[in-house]
Amino acid sequence: MATRSTAVLAGLGGWLPPRVVDNAELTARLDTSDEWIRTRTGIRERRVVDAGMSTVDMSVEAGGRALRSAGLERVDAVVLATATPDQPCPASAPQVASRLGQRDAAAFDVNAVCSGFVYALATAAGLIAAGVARDVLVVGADAFTTLLDPGDRGTVPIFGDGAGAAVLREGRDGEAGAIGPFDLHSDGEHAELLVVPAGGSRQKEPEQPSDRYLRMEGQAVFRHATTRMAESSRAVLDGLGWTVGEVDRFVGHQANIRILNTVAKQLGLPADSLVVNIERTGNTSAASIPLALVDGVRDGSLRPGDRVLLAAFGAGFTWGATGLRWPDVPVEAVR
Ligand code: COA
């Protein structure tokens with residue numbers, strides 16, 4: 001599945017909760033070590049929401065920054081990519097829209113877990129291509145730490161909380177920031193490899209206490225993630241007519257530095273083309289790509305005119321990729 005669109009990236013923003021949890025803090029309460037976490041994942045610290053802080057709260061911070069970056073006060077639609085909405089019902093996007101002063105904008109959630117931001121960008125580009133909206137705020141936000149068993153050393157070191165956001169506006173094909181084509185896929189046969197068993201319609205109450213927490217088969221997820229992100233990236237390169245050698249920057253979902261290095265190797269991309277911020281964020285799920293984009297602009301690794309490839313993989317399984325020539329977008333500091 002591939003689509004052409006004339007949606008153009010016009011703004012970008014990110015936000016992280018203030019509480020920093022470094023590896024040393026985790027080693028005090030889990031059977032793990034700073035050395036293991038750093039070498040196996042690339043993560044040194046992550047941000048964690050305090051009690052009472054939610055996905056909507058983080059989304060409002062990131063979304064406000066993206067609107068200021070785009071110089072816009074009003075958008076026609078707000079698309080929120082999240083797997084950790086404030087409540088199971090209703091969707092969280094209308095609350096984000098209201099709090100950002102976008103009260104009558106269309107607003108809905110997209111749940112493709114860690115691929116959510118790429119899926120939400122495609123959704124927003126579709127709204128623009130269909131003439132439903134001219135300007136769309138796309139937010140990727142997750143409070144994944146709220147799904148973790150505090151005693152599980154297999155997941156606690158990996159995930160962090162945060163929000164990132166982008167504004168897409170109607171534009172012309174070929175101008176800087178024009179995004180697409182998109183390549184999106186899923187395979188629900190592997191749902192059990194990365195799952196929170198309880199809390200949905202199948203198992204309302206946990207049958208055992210651990211059913212309310214995220215369960216992950218790390219090695220299997222690792223293998224699928226590398227293969228699928230590389231496949232999807234190749235499909236987008238074909239669609240764009242770019243060779244691998246023409247890619248300036250690869251911004252992959254920040255799940256594990258070894259996953260990103262393996263994808264780069266499979267594609268034949270040099271390691272220094274990777275935009276990486278996982279060291280300070282951990283895996284922030286739907287927020288990870290926009291947060292990496294913000295950091296890339298801030299540290300000068302993303303420059304106007306760069307050919308940029310984005311690729312993600314997440315629970316479901318879901319995966320996808322897209323690309324754009326980097327536009328000149330002003331970006332405020334995340335923290
Ligand atoms: N600290 C110390 N040791 C740990 C540990 C931890 N936090 N977690 C696991 N270990 C141990 C294991 O028990 C195992 O010990 P053993 O060899 O004595 O049996 C050893 O480390 C290796 O475990 P393994 O699971 O093979 O590690 P790994 O290299 O696969 O790394 C992950 C584990 C989770 C970091 C890795 O599989 C991964 O990143 N997977 C993808 C996860 C992901 O991206 N999820 C989100 C997708 S969007």
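1. Helices here are DSSP runs of H or I with at least four residues, numbered from the N terminus. The model is a predicted one, and the points below should be read with that in mind. With helices counted in this way, helix 3 is followed by G71, a residue whose phi is positive, near 70°.

2. The length of helix 3 can be checked against its residue count. Helix 3 covers residues 55–70, and at 1.5 Å a residue its 16 residues should span 22 Å, which agrees with the 22 Å found between its end C-alpha atoms. At the start of this helix, S54 places a side-chain oxygen within 3.2 Å of the backbone nitrogen of V56.

3. How many residues of helix 3 are buried? Taking buried to mean under 20% relative accessible area, twelve of the 16 residues qualify, so the helix is largely enclosed by the rest of the structure. Among them are V56, M58, V60 and L67, together with G63, G64 and R65. The buried residues of helix 3 pack against strand 2 (7–15), strand 5 (77–81), strand 7 (135–143) and strand 8 (161–170), and also against helix 4 (93–99).

4. Five strands make up an open sheet in the order 2-8-7-5-6, and their pairing is mixed. Strand 2 and strand 6 (106–110) stand at the edges with a single partner strand each, and therefore one side of each has no neighbour in the sheet. From one strand to the next, the twist averages 20°.

5. Within this sheet, strand 5 and strand 7 are paired in the parallel sense over five bridges, and V79 has V138 in strand 7 as its bridge partner. Helix 5 (residues 116–129) packs on the sheet, where it touches strand 2, strand 5, strand 6, strand 7 and strand 8, and its direction makes about 165° with that of strand 7.

6. Finally, the domain assignment divides the chain into domain 1 (5–172) and domain 2 (180–325). The centres of domain 1 and domain 2, taken over C-alpha atoms, are separated by 14 Å, and the contact takes 45 residues from domain 1 and 40 residues from domain 2.

Technical notes
Residues numbered from 1 in each chain as written. Predicted model: local features only at pLDDT ≥ 70, side-chain atom pairs only at ≥ 80, totals over all residues. Heavy atoms only, no water. Helix = DSSP H or I, 4+ residues; strand = E, 2+ residues; numbered from the N terminus. Expected span 1.5 Å × (residues − 1). Buried < 20%, exposed > 50% of the residue type's maximum accessible area, 1.4 Å probe, protein only. Contact = heavy atoms within 4.5 Å. Polar contact = N/O pair within 3.5 Å; in protein donor to acceptor, adjacent residues only side chain to side chain. Pairing = 2+ DSSP bridges. Axes fitted to C-alpha atoms, helices over the stretch in contact; angles between N-to-C directions. Domains from an automatic or database assignment.
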